[in-house]
Amino acid sequence: MARNTLYNKIWDSHNVGVLPTGQNQLLIGLHLVHEVTSPQAFDALREEGISVAFPDRTFATCDHIIPTNSTNRPFDDSQAELMMEALEKNTKDFGITFYDPPSGKQGIVHIVGPETGLTQPGMTIACGDSHTSTHGAFGTLAFGIGTSQVRDVLATGCLSMDELKVRRIEVNGTLPEGVTPKDVILYIINKLGVRGGLGYAYEYAGDVFDAMSMEGRMTVCNMSIEGGARAGYVNPDETTFSYLKGREFSPKGKAWDKAVSWWKSLSSDKDAQYDDLVIFKAEDISPMVTWGITPAQSVSVNEKLPLLTGISEDLKKSLSDAYAHMKLTPGQKAVEIPVQVAFIGSCTNGRMSDLRAAAEVVKGKRIHPDVRGIVVPGSIPVRLQAMKEGLDKIFEDAGFEWRQAGCSMCLAMNPDKLIGDEISASSSNRNFIGRQGSPKGRTLLMSPVMVAAAALNGHVSDIRELNK
Amino acid sequence: MSVKKITSLRGTGISIRGNDIDTDRIIPARYLKEITFSKMGEYPFFDERFQEDGTEKDHPFNKKERKDASILVVNDNFGCGSSREHAPQALFRWGIKAVLAESLAEIFAGNCTMIGMAAVTLSPGDIKEIQTAVESDSQVEIKLNLENMTVECGEKSYKAMMPESGRQALIEGTWDSTSLLRSRLDLAKKTASSLPYMNHFES
């Protein structure tokens, strides 16, 4: 088993003890709540007459169901309105802070946590959403959980959990031009597979992650779950500390110095032991695009889609199913795939750096007339900052719709959906069948700059060609 | 909170073939917009079972002879993707009491245990053999014994696996963990007081 890693240090310091089942009782230091996976959990507390154990360590926002064209109440969708009312009542009844739209802090839960400074190194974090792994970018252990576990964390501040193995994934060298953090994680998932991380936490390390911004690290950690890992993290360093300095919930004054020295002590030791080690070369990574129905089914943008020859029967069935749904052909060039919708947003790529990079690509240009383009900032603060920098104007002049903050078309629990078998270039995290709201809809995952390039040309495009 | 020991389950089977079947496919996101789980049993595999006009597609969950099936037999990485507990809730409320898989996504497997649904793994070869048996005979009985971790299907017996902690929780009836964790709240508070961030690095 792994020893002296950040995973071990945080696990040990939060381990309350061994339960009669043999599982460990793990203390959760920050519980993030949203409207979709919490109502049944609050109801269970109410039925049993239980209060929230750590209300000061519990924060709520709304993101999945929120319309991105107007947040006027009541929402047009009566079910969405009901969910919102339930969260309003639950947060009020149980004494929990709720970042709703009027608070000015509402946004996707995995964007709100970091930007308010709630997310800090050394914490255990849980949220009823699989992309909670995002927070690992700060050197936390962050777990996506189901609704019964949300109930456990509300009622007790704890989860019953088994210990994970730790795989260190090093990417060394320098990323080539046009290659972004999204490409790095799509490449890792392509190489290790969507089941590769079962039983593991992923520790991302090496030159590429050392040099990566916090927003980039969040993008990578966000999609750990797509590789089958239960959590992903990057050891905290100066990049982490300078991101956190001055944020609302960050420690101040003397407390800041104490915090930094504790955070530094948490990083994996130089001689830490791992259960597995995988090393990649940055130079081997190109801009990536998925063509299938799992995040592992991807190619470099300048490649052809895989052939069905010379592969196992199992793999052949998986690829054939993907081709049938996607209406694409083995051997077809990735850049020949047409695009009808371009979506920039989500907890993976709805941050300032994503919007800035995409705006740079489309500045002074017009998107293809056959493409419906939408840009959805990840939070109200991201939206306001982008508008301050004039990005809304750049996107609108290029033909994109500029929306309000939310999950939007990543999972389409709101009015933003694909129609029929529309094919979408998406900066989000999942290309599963039906994921973007239409059972026949088709999703191509790529980085925000690649989405921008596809929107301009009306088909998948190599950002490096566009830059020439 | 309820305490129910689950030591063995028996019933007829239903087979869904394919690897990497994600929770969006098990229950599409639009059915997550309900504030209770009460209707989830109507939705499993919805978009794979029904055309957009509501007519039925050819799917095992639509077959009359499978309507009482309670043992779901699936392949690799079943339940990957979203952490939505709605997925196991939908299967459970449709009538599934146990999932036999080549492998299971971890959050999905954990969610199953939390609601008292047994989710176990078998070797790929054994799963495919059971799937073939189930597909050719809707009445073949499957028995999952969690005490000795075996699956019997017709005349044959197979070895099943699951994390020991999940197995203990099911057979001892402690799978609904809230009351157990709650009885140890003082210990949790003690651990919390030892963590510098819990008091904002001020002591």
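## Helix α6 of chain B

Of the 9 residues in α6(B), 7 are buried, so the helix is mostly covered. The model is a predicted one. The buried residues of α6(B) are B:Ser165, B:Gly166, B:Arg167, B:Gln168, B:Ala169, B:Leu170 and B:Ile171.

These buried residues pack against two elements of chain B, α4 and β4. After α6(B) comes B:Gly173, with a positive phi near 75 degrees.

## B:Asn111 in helix α4

Helix α4 of chain B, one of the packing partners of α6(B), contains B:Asn111. Is B:Asn111 buried or exposed? Its relative accessible area is 1%, and because buried means under 20%, B:Asn111 counts as buried.

Contacts of B:Asn111 reach both chains, if neighbours within four places in sequence are left aside. In chain A they are A:Gly146 and A:Gln149. In chain B they are B:Ser83, B:Arg84, B:Glu85 and B:Pro88.

## The second largest pocket

The second largest pocket has a volume of about 820 Å³. Its lining comprises 36 residues, and those closest to its centre are A:Asp162, B:Glu106, B:Ala109, B:Gly110 and B:Pro163. Two or more lining residues come from each of β8 (158-161) of chain A and α4 (106-114), β4 (118-121) and α6 (164-172) of chain B. With 7 residues, α4(B) gives the most to this lining.

By class, the lining of the second largest pocket divides into 16 nonpolar, 14 polar and 6 charged residues. Why does this pocket lie between domain 1 and domain 2 of chain A? Domain 1 (6-161) and domain 2 (165-284) both give residues to the lining, so the pocket lies between them.

## Domains of chain A

Chain A is divided into domain 1 (6-161), domain 2 (165-284) and domain 3 (290-465). The C-alpha centres of domain 1 and domain 2 of chain A are 22 Å apart. Their contact takes 31 residues from domain 1 of chain A and 33 residues from domain 2 of chain A.

## The largest pocket

The largest pocket holds about 970 Å³ of space. It is lined by 42 residues, and A:Ile293, A:Asp321, A:Ile433, B:Arg25 and B:Glu48 lie nearest its centre. The elements giving two or more residues to this lining are α11 (313-326) of chain A and, from chain B, α1 (23-26), α2 (46-49) and α5 (124-136).

The most residues in the lining of the largest pocket, 6, come from α11(A). The classes in this lining are 19 charged, 12 polar and 11 nonpolar residues.

## Nonpolar cores

The largest nonpolar core has 195 residues. Those with the most contacts inside the core are A:Tyr204, A:Trp263, A:Phe395 and A:Phe400 of chain A, with B:Leu72, B:Phe78 and B:Leu91 of chain B. Helix α16 (residues 448-457) of chain A supplies the largest share of this core, 8 residues. Another core, of 26 residues, lies apart from it and includes B:Val73, B:Ala98, B:Met149 and B:Met162.

Which residues does B:Phe78 touch, not counting residues up to four places away in sequence? B:Phe78 touches B:Ile21, B:Ile26, B:Phe45, B:Leu72, B:Leu91, B:Val99, B:Ser103, B:Leu104, B:Ala105 and B:Phe108. Among these, B:Leu72 and B:Leu91 are also listed with the most contacts inside the largest core.

Definitions and conventions: Residues are numbered from 1 along each chain as its sequence is written. Chains are lettered from A and ligands numbered from 1 in the order in which they are written. This is a predicted model: local features need pLDDT of at least 70, side-chain atom pairs count only at pLDDT 80 or more; totals for chains, interfaces and linings use all residues. Side-chain values use heavy atoms; hydrogens and water are left out. A nonpolar core is a set of buried Ala, Val, Leu, Ile, Met, Phe, Trp, Tyr and Cys residues joined through side-chain atoms within 4.5 Å. Buried means under 20% relative accessible area, exposed over 50%, partly exposed in between (1.4 Å probe, protein chains only). Helices (H or I, at least four residues) and strands (E, at least two) are DSSP runs, numbered from the N terminus. Contact means heavy atoms within 4.5 Å. On a 1 Å grid over the protein atoms alone, a cavity is a set of points where a 1.4 Å probe fits but cannot get out, and a pocket is an open set with protein on both sides within 12 Å along at least five of seven lines; lining residues have an atom within 4 Å of a point. Grid points are joined across faces, edges and corners, and a volume is the space filled by probe spheres set on the points. Ala, Val, Leu, Ile, Met, Phe, Trp, Tyr, Cys and Pro count as nonpolar, Asp, Glu, Lys and Arg as charged, and the others, Gly among them, as polar. Domain bounds come from an automatic or database domain assignment.
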